[in-house]
There are 2 protein chains.
Amino acid sequence: MTPAFEALQKELKRLPGVGFRSAERMAIHLLLEKPEAAKRLSDAILSASERVRSCSTCGNVCEEERCSICEDVRREESGSLCVVEHVSDLMAIEKSGAYRGRYHVLHGKLSPINGVGPESLNLSGIAKRVKDEGVTEVILALPNDVEGEATCHYLTELVESDSVEVSRIGFGLPSGASVLYADSGTLKSALDARKRY
Amino acid sequence: MTPAFEALQKELKRLPGVGFRSAERMAIHLLLEKPEAAKRLSDAILSASERVRSCSTCGNVCEEERCSICEDVRREESGSLCVVEHVSDLMAIEKSGAYRGRYHVLHGKLSPINGVGPESLNLSGIAKRVKDEGVTEVILALPNDVEGEATCHYLTELVESDSVEVSRIGFGLPSGASVLYADSGTLKSALDARKRY
C-alpha cells in the first residue's frame, strides 16, 4: 500500500514458508498492531547475526568457534557421524533423543537442476573429519527423494573405506500411521525396506 | 541452541501464523543460510516502522496523515463506509474490485473473553465520520463468528439512525464450492441466507 510497507512485505516473503498473504499479515502486525514488536524483532535479528555463527567443525549454530555438540568429548566415543541437510534436522534428531554421536550439516543437498553442486555444500571438511575423529560409521539422515539419493551416493564415494561403514536411515510408514492413508511413495519405500519378522 | 539464536526464534514466533518449527527454520535461514537477508530484513523493519503509520481517519496503512483511499474524493460519492477487522481485509476487498467506497479498520473485534473491549478498538471516531462524511450506508464486513456478531451489534447501536442504513456482508457457500464439502456452520449460514429464486 505504501513503498516502505511493500519493501517490508517483500523481505518477509523471502523467509522460508512465507507467502504473499502471510507476509502482508506479518507486516500489518509489526507496523500497526504491535509496533513494539518491530523494534524487538529487528534488535533480535541484528544481535543474533552478530553473535551466531556456523560451527567450524560441523556447521551447527554456535556462538563460539565450535558448537557444544562438537565440544562434548563423550559424543566422540560413539564413533558415529550423522550427516543431515539442515540445522533444523539436527535439532529434530537431538530432540528425539535417539542419537548421541556427532553431526555434520551440509546446509543443502546436491541438486544439479538448481545449480547446487558439491562446492555449494559444507562438504570440504567431511573426509578429513572421518579420518581425524576416528569415525567408524557415517549415518546418512538425508531426505527420501531424488536429490537426497544423489547426495547419499556422492557422500558414500567420499567417505566409505575398509574402516568406515556408511548407512542410511530407514524409510517406511511413520510412527502411528496406517497403510490406508500412506502415499504410494511411502508404501513403495516401506515394501522395499521390509524385514524378516 | 545458543541464547541469541533462541532470542531470535522467540521473536519470530510472535509473528502471526508462525509456530515453533517455522520460527526455527526462519532463524537458521537468516543466520546461516542467507546472512545477507538478515540485515536487509532488519533494515526494512526499522525503515517501515519509521515511515508507516495508521491513517488518522480510517486506520489503513499510510505514510502521510491520511491514506490514499481517504484522500480520494470520488470514494466519498458512494456514501458508503465499509467496516473491516484488519487492514489485510481492506486489502483483500480492494483487490476484489467489488467495492469503491471508504473503509474503517477496527484493528480487532470485540472479545470480552480475551479482554478486548470497545476501548481497545479503533471505534472512537466512527460515529463522527458517519455524520461528517454524509455516510448513508455502513457495510459491516466482519467475520462470521461469535465475536464478529457481537461487534456488529455494538456498531449498529453506535451508528444506526434514520439517515444511516447498516448492512452486513452475505454468508454462505464460497464461490466455486460444492455443498458436499461445506462444513455445518457454512451450510447453516447458507440456509439462513436463502433468497427467493
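**The largest pocket and its surroundings**

The lining of the largest pocket is made up of one nonpolar, nine polar and four charged residues, where Ala, Val, Leu, Ile, Met, Phe, Trp, Tyr, Cys and Pro count as nonpolar, Asp, Glu, Lys and Arg as charged, and the others, Gly among them, as polar. This is a predicted model, in which local features need pLDDT of at least 70 and side-chain atom pairs count only at pLDDT 80 or more, while totals for chains, interfaces and linings use all residues. Residues are numbered from 1 along each chain as its sequence is written, chains are lettered from A and ligands numbered from 1 in the order in which they are written, and side-chain values use heavy atoms, with hydrogens and water left out.

The largest pocket holds about 160 Å³ of space. Of its 14 lining residues, B:Ser56, B:Thr57, B:His104, B:Gly125 and B:Arg129 are the closest to its centre. A pocket here is an open set of points on a 1 Å grid where a 1.4 Å probe fits, with protein on both sides within 12 Å along at least five of seven lines, and lining residues have an atom within 4 Å of a point. Helix α7 (residues 126-132) of chain B gives the largest share of the lining, three residues; helices (H or I, at least four residues) and strands (E, at least two) are DSSP runs, numbered from the N terminus.

Another helix of chain B, α2 (residues 20-33), has 14 residues and should span 20 Å at 1.5 Å a residue, which agrees with the 19 Å between its end C-alpha atoms. The expected span is 1.5 Å times one less than the number of residues. Its buried residues (under 20% relative accessible area) include B:Ala23, B:Met26, B:Ala27 and B:Leu30, and also B:Glu24 and B:His29.

What of the loops? Most residues other than glycine have a negative phi. A:His107, however, has a positive phi, near 60°, and lies in the loop between β4 (102-105) and α7 (126-132) of chain A. B:His107 also has a phi near 60°, in the loop between β4 (102-105) and α7 of chain B. A:His107 counts as partly exposed because its relative accessibility is 23%, and B:His107 is partly exposed at 22%.

Chain A is divided into domain 1 (3-51) and domain 2 (76-168), with bounds from an automatic or database domain assignment. Their C-alpha centres lie 33 Å apart. An unreviewed UniProt entry annotates residues 79-174 of chain A as "domain: Toprim"; such annotations may be inferred rather than shown by experiment. Over residues 79-174, chain A is 32% helix and 19% strand.

Notes. Points joined across faces, edges and corners; volume = space filled by probe spheres on them. Buried < 20%, exposed > 50% of the residue type's maximum accessible area, 1.4 Å probe, protein only.
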